Every structure is written in C-alpha cells, then in structure tokens.
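Here are some notes for your review. They follow the order in which I would check the model.

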Amino acid sequence: MRVTYRLSRRWLGVMLVAGIAAPAWASDQGFTQAFEAARAHQWDQVDHDAIEGHVLEGYVEYHELKARLPGVSPAVINDYLKRHENSVLSEWMRGMAQDTWGARQQFDDFLAVSDGVPQGTTRQCWYYRALLGQQPQRAAIGGRELWLVGHSQPSACDPLFDQLRANGTITGADIWSRLMLAWRAGEDTMARYLPDELPLSWQPQRALFERLQNDPSRITELPALVHHDMPGVSSLYSTAMARLVRQDTARALTAWREVKSRAPLTDEQRHDIEHDLAFYSLVRDIDANASWANAAAAQLGDQDLLELRTRKALEHRQWHDVAAWIERMKEDDRRDAHWQYWLGRAREQLGNDTGARQAWQIAAGQRSFFGFAAADRLHQPYALENERVTIAEHDLKDAASLPSMRRITALYRINEPGLARAEWYYLMRHLPKAQHPTLTQYALSQGWYDLTIYAAIRGDHWDALDWRFPQGYVDLFQKWGQARNVDPWLLMALARRESSFNPQAQSPVGARGLMQLMPGTGQHVSQQLGVAWQGVTSLEDPNTNVMLGSAYIRDMAARYSGNRIAAAAAYNAGPGRVDRWLANSDEPFDLFVEEIPFRETREYVQAVLTYRAIFEGLAKGTTQGVYMMSEHERTTRYNSDLQR
C-alpha cells in the first residue's frame with residue numbers, strides 16, 4: 001500500500017516566521033570556538049560578532065543567561081523563551097530559571113516564567129507553593145496529588161505539605177491513605193513515621209494498623225474488632241491482604257476465605273485482592289492454592305491471568321488446557337498471533353489438524369515472531385504489510401528550510417549529535433501529527449536513522465517499515481557480515497533492537513554504540529582479533545563497533561553450533577545463562593523461546609529474529625524465499641547438544 005503525505009503550507013509559514021529563518025553567515029568554526037568558550041564560562045573568549053546570524057547562536061546565549069541566574073529578570077528570560085519557542089532551548093532555559101528561583105524561593109519570578117504545571121516533582125512543589133497565596137484551591141489540588149503517593153517526595157515538597165496540613169487541606173484521611181500506599185509499596189520507613197502524623201481521631205485506626213504491621217496474617221482478627229463504617233477500614237483490609245499475599249501466598253488464601261464475606265470492601269478492592277492471590281499462586285506454583293487459582297482466573301477473566309495460566313499449561317504440556325485457556329480470552333486478545341500460534345499447536349497435538357491450520361492462518365497474517373512461525377508451518381510467505389510512503393520533493397525541500405531542521409543539520413555538522421537528537425525529540429513532541437510524515441522522510445533522506453525510527457513510532461506509523469526498519473549502515477553490516485561469515489541481516493536486527501541505529505547510544509550499565517557492546521567485551525574481542533583497543537569512546541565509531549560486535553555474535557553462534565536463537569539469547573543474557581537453560585531443556589524452538597525465564601530476553605530473541613526477516617524482506621522487495629530461521633533452527637531440539 002502506498003500513501004502520499006503533503007506538508008501544510010500554512011504550518012510551514014508559521015514555523016518559518018516563529019523560528020530563526022535568517023541565513024547563517026557566521027562560520028561553523030567561529031561558532032564552535034564561541035560555544036566551547038561559553039560552556040567553559042570563558043566569557044572573554046566569546047566573539048559575538050563571529051557568531052552573529054548563526055543558526056545556533058541561541059546556544060551560546062543559553063549558557064550566558066544560565067550563568068547570570070539568578071541575576072536575570074523574568075522579562076529577559078521570557079524574551080529568550082519567545083525567540084526560541086520552537087527549540088528545546090526554551091524548555092531548558094525555563095527549567096534552569098525555575099530551578100534557580102524555586103530553590104531561592106523567589107516565587108514571583110518562578111511564576112513569571114512558568115507556563116502551566118512544570119515537569120518534575122521538585123518543580124511542581126515549588127509551583128504549588130508559589131500558587132498558595134494566589135490560587136489556593138489550585139495549589140491544594142496539586143499539593144494533595146503530590147502527597148498521595150506511596151514513596152518519599154523531594155525535600156522541596158516538605159514546606160508545601162506542612163502548609164497544606166496546617167490549613168487542613170491534607171486531612172487525617174489523606175495521611176491514612178498515604179500510610180496505606182507506603183505500606184503496600186514496602187516503604188517501611190514511611191510506614192513507621194506516618195502514624196505519628198495521624199490526628200487524635202484516627203488513633204483507633206492507628207492501633208489496628210500497628211497490630212497488623214509486622215504480621216498481616218492477623219487480618220483475621222479485624223472483623224471482631226472494627227465496625228464496617230469506621231473510616232479507612234476497607235483500605236486497611238485490602239493493603240494487609242496485598243502484603244500477606246506477597247509474604248505468604250498459601251496463608252493469604254486461608255485468611256481471605258475467612259474474611260472475604262465479613263470485610264467492608266468495594267468490588268474493585270475484592271477484584272484486586274483475588275487477582276493478586278491468583279497471580280502469585282500461579283507464579284509461585286502454590287499447590288494448595290492451585291484449584292482456587294484456576295477458578296479465580298477463569299472467573300475474573302483478566303488477560304494477564306489467562307496468559308499466565310496458558311503458559312503454565314504449556315510448561316506441563318497440557319495441550320487440552322492450553323486450548324481451553326486461550327479460548328477463554330477476549331476475542332481481540334485471543335486473535336493475537338502469539339496465542340493463535342499456540343492454539344494451533346495445541347489443536348495439532350490433540351489431532352485437530354484443520355483447526356490448527358485455521359489458527360495458524362490467523363497468526364500468519366500478522367508481522368511478529370509467532371506470525372512468521374505460523375507462516376513457516378503453512379509454507380507461505382510472511383505478511384509484512386508494508387505501507388510505502390510518498391513525500392513530494394518540494395515538501396522535502398521546504399522541510400530542509402525549517403529553522404528546526406537547519407539547527408539539527410548544523411548540530412550534526414559540528415559533531416553535536418546529542419544536541420541534535422534533543423532538538424528532534426522536542427520537535428516531535430510539539431509537532432502537529434499531520435506533519436510527522438514529511439519530517440520523518442526528511443530525516444531518513446539525511447541518514448538520521450535513529451531519528452527516523454523515533455518519529456515513526458511516535459507518529460504511530462507502525463506499518464511504514466521503510467521508516468521503522470531503515471537500511472541503516474547496511475554497507476557496514478554487509479562488509480563485516482561477509483568478513484566474519486555472519487548473517488548480515490542478523491547484525492542489522494541486533495543493532496536495530498539494541499540502539500535503533502544510534503552510534504552514540506549508551507545504556508545505563510555502560511553498553512555503547514550501534515551493537516551496544518560493553519567496554520570490557522569490546523576490549524576482550526579486540527585482543528582476540530589482534531586489534532589495538534582504542535578505548536571506550538571508539539565504540540561510538542560505527543565501523544569499530546560493527547567490527548567488534550560481528551566478531552562477538554559470531555563467537556556466540558559458534559558456541560551453539562551456528563544457532564541464531566541461542567546466540568541472540570546469549571548476546572542479551574550472557575552465554576552462561578543460556579548454557580544453563582539448554583542444559584535444562586530438550587524442546588523444539590517454540591517451546592524453548594516461550595520458556596526463556598527472563599521476559600526481557602524472551603522478547604529480545606523474538607524481536608531480533610523477526611527484525612532480521614523484515615530487513616531481508618525489505619531489501620529483496622518480497623518475503624518469498626525469506627525465512628526467519630533455518631530449517632535446522634526450526635527442527636532441532638534445544639538442549640545441551642547445541643553447545644560445542
């Protein structure tokens with residue numbers, strides 16, 4: 001299917017007028033020198049004449065204003081915000097001013113640069129403190145929302161909470177509610193000090209809480225101690241049950257049976273208690289609870305319980321139960337390729353070949369791991385359902401002239417990719433959705449692959465596969481795939497899953513680059529290859545990263561007889577874990593994948609194998625002859641024999 005989008009001329013005009021549309025006559029070199037000086041607060045080295053008119057001039061001014069805070073008037077800040085309203089600079093500048101003036105309790109200045117409720121809890125606490133004298137009702141509503149959470153809030157919130165307690169906005173019921181939220185969340189420190197803040201009228205409830213605090217199984221004593229109309233009793237019951245379910249699931253069911261009919265609970269609270277009981281009974285394989293948990297899962301009909309019960313049936317190869325639990329799901333959930341695939345497998349095992357093919361036919365129409373696996377069983381090509389997008393050439397030229405695009409281009413040009421991405425993310429958050437396609441296609445035309453993927457997902461263009469799966473760095477993957485004798489489509493799939501083709505990607509644990517290599521892994525592979533290790537930052541070089549990453553996945557594949565399912569699992573979870581999983585398995589590929597203990601790795605393996613088929617299908621223009629797995633990967637037993 002082909003779809004044509006056009007850039008709105010009216011919107012283009014607004015963006016050009018609102019932005020910095022003047023041509024940049026200052027040189028990049030002059031700007032870079034001034035920018036580096038501004039970052040280092042070397043103001044005497046900032047040559048304003050050299051950067052005048054440069055499309056990024058606002059970045060130097062941002063650092064200058066930031067350094068002058070708090071000695072800058074709100075009028076100066078607001079002027080800057082107006083001039084840069086279509087840039088992430090406005091968001092950063094407003095936040096810096098709010099942080100500075102909020103910390104100094106200059107609340108009039110804080111409000112003067114605020115535009116509605118700010119982002120971040122600390123800023124929100126300052127915001128509502130600032131509003132207490134001007135809009136007390138609005139401040140009360142916002143302050144209570146910040147109070148009613150089961151975890152500690154920043155210290156900036158304490159004066160706000162103190163004032164709201166003092167004026168009666170935060171009541172004894174609110175303190176009790178927060179106590180219950182904290183106890184449920186396991187925030188035991190809060191649960192120890194909050195009772196002291198309860199007013200005298202709530203002391204009976206406090207005594208009941210302290211009776212249960214260290215032993216929630218004493219919930220069975222409550223019916224004889226409290227009246228149903230006592231405030232807070234229902235939340236005490238539901239929270240005590242939540243704690244008990246997690247501490248001792250078998251004992252929790254016994255207690256629930258005793259108090260269920262006597263507890264003053266809402267229908268929602270009863271549902272939540274029984275959902276938790278069923279969930280933990282199934283996850284923890286509590287034999288004494290099994291019959292009750294099955295009945296509860298069927299009665300409640302919650303999708304997560306039905307999925308969990310289906311997986312338990314798969315684990316025990318109870319094929320009749322697999323089919324029965326899937327058929328209990330709501331139609332939209334049941335028709336997902338994942339469950340249609342397993343419904344087909346169950347029917348096949350039960351001798352219903354016609355029913356199996358019907359289920360697989362539904363699954364095969366979907367673009368997913370189990371959809372492709374179903375298509376393999378039916379010996380038919382994969383359904384990519386690619387939506388090909390057409391953007392007029394003149395619209396792309398107009399997009400290039402937008403101030404935001406000129407800033408992003410300039411930031412890439414001066415090697416500031418992080419700032420370029422920040423500009424792009426800001427633009428996508430504030431852009432009318434109708435304009436996303438043109439700018440997404442423009443990003444692709446510039447080779448900004450990770451920005452293209454981000455925009456496609458944010459714009460809900462799930463079927464625009466040329467955007468979601470661009471041929472990013474394809475020459476590198478082909479080059480090193482051939483050099484290492486590794487499937488290049490697998491390399492691309494790994495990079496797409498790991499970094500969305502962002503060469504500067506860095507994970508919270510320190511993995512870097514296209515293929516998200518840990519520095520230790522990069523250094524180890526370099527030594528194996530006899531290549532000089534150039535340090536951590538070298539992993540942000542695409543060629544170096546793919547050179548090392550392709551060698552690492554080659555080694556993982558060799559460890560498992562060339563099997564890409566096991567290799568992908570090892571790439572994510574480590575080979576030691578995969579060795580243990582294989583040692584405890586003797587299953588076909590589908591059951592092995594379904595029973596990978598880590599959800600992250602289970603989903604990772606499915607995504608990588610699916611992505612590699614998509615990349616190959618897009619490159620060839622057809623999925624005829626494209627296979628997600630080799631014949632051996634589909635038919636072998638997944639056990640320790642895979643290890644060499």
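1. Cys 125 and Cys 157 form a disulfide, with sulfur atoms 1.9 Å apart. The model is a predicted one. With a cut-off of 2.5 Å between cysteine sulfur atoms, the count comes to one disulfide.

2. Which hand does the disulfide of Cys 125 and Cys 157 have? The torsion about its S-S bond is about 80°, so the disulfide is right-handed. The pair links distant parts of the chain, 32 residues apart. Cys 125 sits in helix H8 (residues 121-131). Cys 157 lies in the loop between helix H9 (136-147) and helix H10 (158-166). Are Cys 125 and Cys 157 buried or exposed? Cys 125 is buried, and so is Cys 157.

3. Next, a helix pair. The axes of H11 (residues 172-184) and H13 (residues 203-212) come within 12 Å and cross at roughly 5°. Angles under 35 degrees count as roughly parallel, and that makes H11 roughly parallel to H13.

4. Which residues make the contact of H11 with H13? From H11 come Trp 176, Leu 179, Met 180 and Trp 183. They meet Gln 205, Arg 206, Phe 209 and Leu 212 in H13. By class, the contact has six nonpolar residues, one polar and one charged.

5. A second pair: helix H21 (residues 337-349) packs with helix H23 (residues 369-378). Their axes are 8 Å apart, and the angle is about 35°. H21 brings Ala 337, His 338, Tyr 341, Trp 342, Arg 345 and Glu 348 to the contact. H23 brings Phe 370, Gly 371, Ala 373, Ala 374 and Arg 377. The residues of this contact divide into six nonpolar, two polar and three charged.

6. Now helix H32 (residues 519-529). Its buried residues are Gly 522, Val 525 and Ser 526. Why do these count as being on the same side of H32? They cover an arc of only 105° around the axis, which puts them on the same side. An α-helix has 3.6 residues a turn, so residues three or four places apart point the same way.

7. What covers the buried residues of H32 includes helix H33 (542-559). After H32 comes Gly 530, whose phi is positive, near 75°.

Key: Residues are numbered from 1 along each chain as its sequence is written. This is a predicted model: local features need pLDDT of at least 70, side-chain atom pairs count only at pLDDT 80 or more; totals for chains, interfaces and linings use all residues. Side-chain values use heavy atoms; hydrogens and water are left out. Axes are lines fitted to C-alpha atoms, for helices over the stretch in contact, and angles run from 0 to 180 degrees between N-to-C directions. Helices (H or I, at least four residues) and strands (E, at least two) are DSSP runs, numbered from the N terminus. Angles under 35 degrees count as roughly parallel, over 145 as roughly antiparallel, 65 to 115 as roughly perpendicular and the rest as oblique. Contact means heavy atoms within 4.5 Å. Ala, Val, Leu, Ile, Met, Phe, Trp, Tyr, Cys and Pro count as nonpolar, Asp, Glu, Lys and Arg as charged, and the others, Gly among them, as polar. Buried means under 20% relative accessible area, exposed over 50%, partly exposed in between (1.4 Å probe, protein chains only). The arc is that of the directions from the helix axis to the C-beta atoms.
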